[in-house]
Amino acid sequence: MHNILVVDDEKVVRATFLAILRDIGFSASEASNGKEAIDIVSKESLDAVVLDLKMPGMSGIETLQELKKINPDLPVIIVTAHGDIQTAVNAIKLGAYDFVLKPPDFDMLTVTLKRAVEKGKLQRALTSLKTEVESSLEYLLGKSETMKHLIEEIHQVAASNFSILIQGETGTGKSFIANVMHNISGRRSGPFISVDMGAITETLVESELFGHEKGAFTGAEKKKKGFFEATNGGTIVIDELQNMSLYVQGKLLKVVEERSIYSLGSTEPVQVDVRIIGITNKNLKKAVEEKRFREDLFYRLSEAVISVPPLRERREDIFFFVQKFLFETCEELQKKIPEITEDAQNLISTYGWPGNIRELKNVIRRALLFSQNGSITKDNIARHMGNEESNNTLVAASSFNGGPLMTLTHAEKIQIKKALEFTGGNKTKAASILQIDYKTLLRKIKRYDI
């Protein structure tokens, strides 16, 4: 049952409102002045307020302003005389939902109240969702002032229909941000498709993006929709944008300008309503200057630009993520959260983290897996830093307290063995712990003859 507060200095008027509201199925309470109304709103959960404009002491306008400070989503309906219509209009500008004239038409008031209650319910849900999303974004992207400003930008840009360019170093969370922007946009009920340009061969790019007709080329045994047509009404993410050839860039520019595609082998255009989000870890402006990326396409795709800063430029986020990854991994491995020694903390805080959040997560997970005596040491952290795929890179001598240098190949072999021992030979769990895919683990097991 919806709870309505009636605010009027005349007892007879309040009694009339209360009787009618209760008769039509509302739960109703009363306040005789603005201060009393403010006290009730600050303590109780209400669905709407019916507020008289003319009251002694605190006026209806002043009361409205205070109520909105307490609960911005609370619908307030102003009750006013004919002579105060302009004041009532001003009240709407200050946040009132609507106004009704004295004496009120109670049928009209009922309709207005029901609409106000529904709008208030929707607004509270949206506010709750926004708070939840912002909290989720902070949990996943960081809580530094830099990231708080970025999260505000994400909300603003997501609400538009602009094409977006998300740029930043590897491991900063660009793909995650693209997904979030779709989920909080007006297109969230539509498809979301991510295309990795680095994973599609040049000969198949056009067919994959725009589709093909049966017989368009050798092997085209049936008509196929491309990614753009499949994403109609939603959001398409083009990852590793810099890997797109100039020829395909020209095709994409035409899609952006005309909002239509031509599948291979067809002369008939297909209209598409698609929002494009481009992702790159390269400097596209430099690519434009070097004639490797079309300038006209660059400006078409960068109507809004989200630049994700590297971890080294927001070091206050580092230990937030350390604690987050420790907690998550301890839950997964059913371990107690260990102490991080002071020298390990110093190493973590001064390291450049070229792989950003992704690298930090991998290092913390592995350091925790191979930690001993309930603590994570500097040595434990250092041996997991750096490029794992570089067989010739040496782990810093200081990380082993003066011990012998060890190639990362050897260190990796030891890590895989320990992961397999820990999981009792379960390769799927070992791959999850090591943050590599199952096939990569099998390849490395074969390579190292484990």
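## Nonpolar cores

A nonpolar core is a set of buried Ala, Val, Leu, Ile, Met, Phe, Trp, Tyr and Cys residues joined through side-chain atoms within 4.5 Å, where buried means under 20% relative accessible area, exposed over 50% and partly exposed in between, with a 1.4 Å probe and protein chains only. The structure described here is a predicted model, in which local features need pLDDT of at least 70 and side-chain atom pairs count only at pLDDT 80 or more, while totals for chains, interfaces and linings use all residues. Residues are numbered from 1 along each chain as its sequence is written, and side-chain values use heavy atoms, with hydrogens and water left out.

The largest nonpolar core has 29 residues, and those with the most contacts inside it are Phe228, Ile238, Leu241, Leu252, Ile276, Phe293 and Leu301. At least two residues of this core come from each of β7, α8 (202-210), β8, α10 (246-258), α11 (284-289) and α12 (295-301); helices (H or I, at least four residues) and strands (E, at least two) are DSSP runs, numbered from the N terminus. The most is given by α10, with five residues. Apart from this core lies another, of 23 residues, among them Phe321, Cys330, Ile376 and Ile381.

## The parallel sheet

Five strands form an open sheet with parallel pairing, in the order β7-β8-β11-β6-β12, and two strands count as paired if DSSP finds at least two bridges between them. Because β7 (192-196) and β12 (304-308) stand at the edges with a single partner strand each, one side of each is left without a neighbour in the sheet. From one strand to the next the twist averages 15°, with axes taken as lines fitted to C-alpha atoms, for helices over the stretch in contact, and angles running from 0 to 180 degrees between N-to-C directions.

Strand β6 (residues 164-168) runs parallel to β12 and is joined to it by five bridges; Leu165 stands opposite Val305, and Ile166 stands opposite Ile306. Helix α7 (residues 174-183) packs on the sheet, touching β6, β7, β8 (235-239), β11 (275-280) and β12, and its direction makes about 155° with that of β6. Contact here means heavy atoms within 4.5 Å. The covered face of β12 holds Ala304, Ile306 and Val308, whereas Val305 and Ser307 make up its uncovered face.

## Aromatic rings

Six aromatic pairs are found in a search of the whole structure. Rings of Phe, Tyr and Trp (its six-membered ring) pair if their centres lie within 6.5 Å, and planes under 30 degrees apart count as stacked, over 60 as edge-to-face and the rest as tilted. The rings of Phe320 and Phe321 have centres 5.2 Å apart and planes at 65°, so this pair is edge-to-face. Together with Phe325, Phe320 and Phe321 form one aromatic cluster, and Phe321 is buried, with a relative accessible area of 0%.
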